[in-house]
Every structure is written in C-alpha cells, then in structure tokens.
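Hi everyone, thanks for coming.

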Amino acid sequence: MAKTTEFHFKPLNVGRWIVWGCFALALFVAPRLWTSGLAQTMLTQMGIGVIACLAYNMLLGQGGMLSFGHAVYSGMGAFLAIHALNMAGAGTLGLPVSLIPLVGGLAGLVCAALLGYVSTKKAGTPFAMITLGIGELVFALALMLPEFSGGEGGVSSNRVIGKPFMGISFGPQIQVYYLVAVYCFVCTAAMFALTRTPLGRMLNAVRDNPERVEFVGYDTHWVRFLAFTISGFFAGIAGGLGAINTEIVNGEVLHASRSGAYLLFTFLGGATVFFGPIIGAVLMVFAGVLLSELTKAWLLYLGLVFLFMVMYAPGGIASLILMNLRVAAFGKLRRIWTSYLALGGTALAALTGAAAMIEMVYHRQLNEALGPELRFMGATLNSAGVDAWFGAGWLLVVGLVLFEVARRHYLGQWGEIQEDIEKEIKRRESL
C-alpha cells in the first residue's frame, strides 16, 4: 500500500501582516503629509530615534540590563560613519552613501564586543555602574584624541558625493528621510524577529530568572554578551544615520545625557512592550525640538512627567494602551470613559497651575529685566503680583485633590472590570 505524504501549513498571521503593512505605509506617507523642512527633519530624527531606542530596549526591556552608557555605541558608530563618509568623498573608500550606516553598525558591534565582555560579566547594579564608568571613560578619551573626534568642533562632512544615482544625491532632506525610513523598517523587523528566536527567548529567561537558566545549562554571561553586541550593532546604525543626517559629529554623541535620553524615553514609551520604544522615540524628538522651543523649563517638565509615570504607570504608555485594548475587547471600556474624562480634566487643571508657577519662577530668574509680566497660554500673568501666584497655587491644589478623588474612584471601577473579565474568561474556558 502506497504511503501518502501529508503536508501541514501554519496559518497565515494576517494581523501581523496588517500591522507591518501599516507601519511601512506610515513611513512612506509621513513626509507627504508633513511637507515642511522642520517636519521632515523631525521625521528623520524620529526614524533614527526608533532604531536607537529599540536597540537600547534589547538590553533594558528584554534582558533586564540597565545601561547608563549606551550612547558609546551609537556615538562610535557616528564617528566611524562620518570618517567613512569623508573617505568616500575623497575617493579612498568605494562605498555609496546608502551603505555608510552599516559602517556605523560594524563600529558599534566591534565596540560592544570589546567593552561588553567585561560589562556583561555582572548583572543588576554592578552592570549599570560599569556601563556608566565606561561611558564616561570613552567620552573623556574621545576629547583627548582630536585627530579622531575633531576636538570641540567635531568632524564635519558632506553627504552629497559622486554623481546622483537615479536622481538620488541625498542632498534634499526628503531623500535622507527615505534612507532612514528604509533602515528603520528593516532594523525594526530584524529586532522584532530576534525576540522570536531562541536567543530572544533565553534573554527574557535571563531577565526573569537567571539562576534557573544556569541550572538548565545555559551560560547567562554569554546570553547577555550576545544581546549586548547585537544591540551595539543596531545602535551603531542609528549613529551612522545620524551622521549622514547632520553631516557633523562631535563629542556630544558620546555624552551621558544621550544615554540618559535613551533610558528616559524608552521607559516612558514602555520597556516591557516591543513597540513601546517607538512611542518613546517620537516623544524624544518632540521634547527635544518642540518643547525646548516653547519653554526654557522643558527639562523640569520632562522630569515631572517621568516622575508621575514611575508612580502611576510604571509600564509606560504602551502598557496603558494594551491594558485598555484588553478592556475594550471585552466591551467594558464604556464603563470607565467618564472616569478618564475626570482624570484628564483634573490632571490638566493641576498641570496648568503648576506650569504657571514654574513659568513665573523662570521669568523672574531669567527675564526680570523685561518686566514682571509674561504671556502664558494666551493670558498675561504678573509675576510680581499676589493674585497670579494665589490663582496658580489654588488651581494646583484643587486639581491635585480632585485628581486623587477621581483616581480612587477609577481604581475601584478598574478592579471591578478586571474581576468581570476574569469571570468571563473562566466562563469561556468552561464551554
């Protein structure tokens, strides 16, 4: 009797194809919707930030490794990429501009391999302190080597080299954006695929229970080291793209403030969810470009936002989105939308009062020569008068009190909804 062969096909994940298709479409359409030079520059920076934050989250969110020096690898990638761009422009390196970011990626990979072997021998707080020390060491060393870093002025270049290929010279900003968009899509897909590999799964296990991983026979040091080197590669690509975008690289790209920005906005976006750092990268550009132009106290506002996120939403914005999507999937969202309105309104009132007081303090300290009056949200405030301070303080106190009342009511409703969802899940499982 002839043996028959049976073929089994895995069902196509239509939802995943739709999500990635929408992501690619958004990258393609974005500069067509926002056509100004500022908008396209911001979109380019967002694409670079997405790669950098996702690379950093490979350590923080997936591996549980808190790094304070990840700007070393994006910065070294930027320096090597700018030097490669100068060599390509001089004709000593036969490499097109579109491949220069890979030079940055290889530089980040090599640096991560050299420095990461020592760093990843430890975990937790010792690892964080080692990365902080290495970051400061590399930053200081770069300033001591002006032949490499260009000193305080940095290293400049010109991304328009050779003859245009099919009209592409990378002179216009939109052409640079689409180069960044292609790398952003490919790198994002590659880092997502890595989370589905045995290495990605083992990295999560090392984060959650390293003792058990050692017990089953895996070397946690090598798992962390491999993840560290891969993260350095993608961070280097981000640095190389940044070098092409700005055409200048200085010691700022290695500074601890850059590493702090990766940490801060990756956490705000949501380190426990893959798409969280994407949200964080968008916020990073908005804060650095727009918010810094609106107020000189933007770092103080950023610190307050970070503080409240740690207190009330430690999972970041992405976790809030997923939690509410789960509630919506069970048809329970309509029960708490009024609570969200109450939370939003009271929080806005408290933030308005606090912001008015902060702006008056900054005005008196920095712009006192211009007089006591300042414009705030369309109103004129007299920073020397009692009325403005009393009104702002009253709005802050009342907003905080009402916010706390609304928050407690919301927590009660949220608990009831979660109990109803668990009951519904058990009911469906029993059918």
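Okay, let's start at Met191, which sits in helix H7, residues 173-195. Helices here are DSSP runs of H or I with at least four residues, strands are E runs of at least two, and both are numbered from the N terminus. Before going on, a word on where this comes from: it's a predicted model, where local features need pLDDT of at least 70 and side-chain atom pairs count only at pLDDT 80 or more, while totals for chains, interfaces and linings use all residues. Residues are numbered from 1 along each chain as its sequence is written, and side-chain values use heavy atoms, with hydrogens and water left out.

So, is Met191 buried or exposed? It's buried, with a relative accessible area of 2%. Buried means under 20% relative accessible area, exposed means over 50%, and partly exposed is in between, using a 1.4 Å probe and protein chains only. And what does Met191 touch, leaving aside neighbours within four places in sequence? It's in contact with Ile51, Leu54, Ala55, Met58, Phe234 and Phe274; contact means heavy atoms within 4.5 Å. For a sense of distance, the C-alpha atoms of Met191 and Tyr301 are separated by 32 Å, and those two are 110 residues apart along the chain.

Take Tyr73 and Phe228: they're edge-to-face, 5.3 Å centre to centre with 85° between the planes. This pair links distant parts of the chain, since Tyr73 is in helix H3 (residues 71-90) and Phe228 in helix H10 (residues 220-246), 155 residues apart. Tyr73 counts as buried at 2% relative accessibility, and Phe228 is buried too, at 0%.

Now look at Tyr340 and Tyr410. Their ring centres are 5.3 Å apart and the planes are at 45°, so this pair is tilted. It also joins distant parts of the chain: Tyr340 is in helix H15 (residues 337-366), Tyr410 in helix H16 (residues 386-430), 70 residues apart. Tyr340 counts as partly exposed at 29%, whereas Tyr410 is buried at 13%.

Leu300, Leu304, Leu307, Phe308, Met311, Tyr312, Val361, Tyr362 and Leu366 make a nonpolar patch of about 770 Å². Which helix gives the most to it? That's H13, with six residues. Leu307 is in H13, and at 44% relative accessibility Leu307 counts as partly exposed.

To finish, zoom out. The protein has 16 helices and four strands, and its C-alpha atoms fill a box of roughly 80 × 70 × 45 Å along the principal axes. Buried residues make up 42% of the 431 residues. Among contacts between residues at least 6 apart in sequence, 78% join residues at least 24 apart.

Methods: Rings of Phe, Tyr and Trp (its six-membered ring) pair if their centres lie within 6.5 Å; planes under 30 degrees apart count as stacked, over 60 as edge-to-face and the rest as tilted. Patches are made of residues with over 30% relative accessible area and no salt bridge: like charges are joined within 9 Å, nonpolar side chains (Val, Leu, Ile, Met, Phe, Trp, Tyr) within 5 Å. Accessible areas come from the Shrake-Rupley method with a 1.4 Å probe; for residues, only the protein chains shown count as cover. A salt bridge is a side-chain nitrogen of Lys or Arg within 4 Å of a carboxyl oxygen of Asp or Glu.
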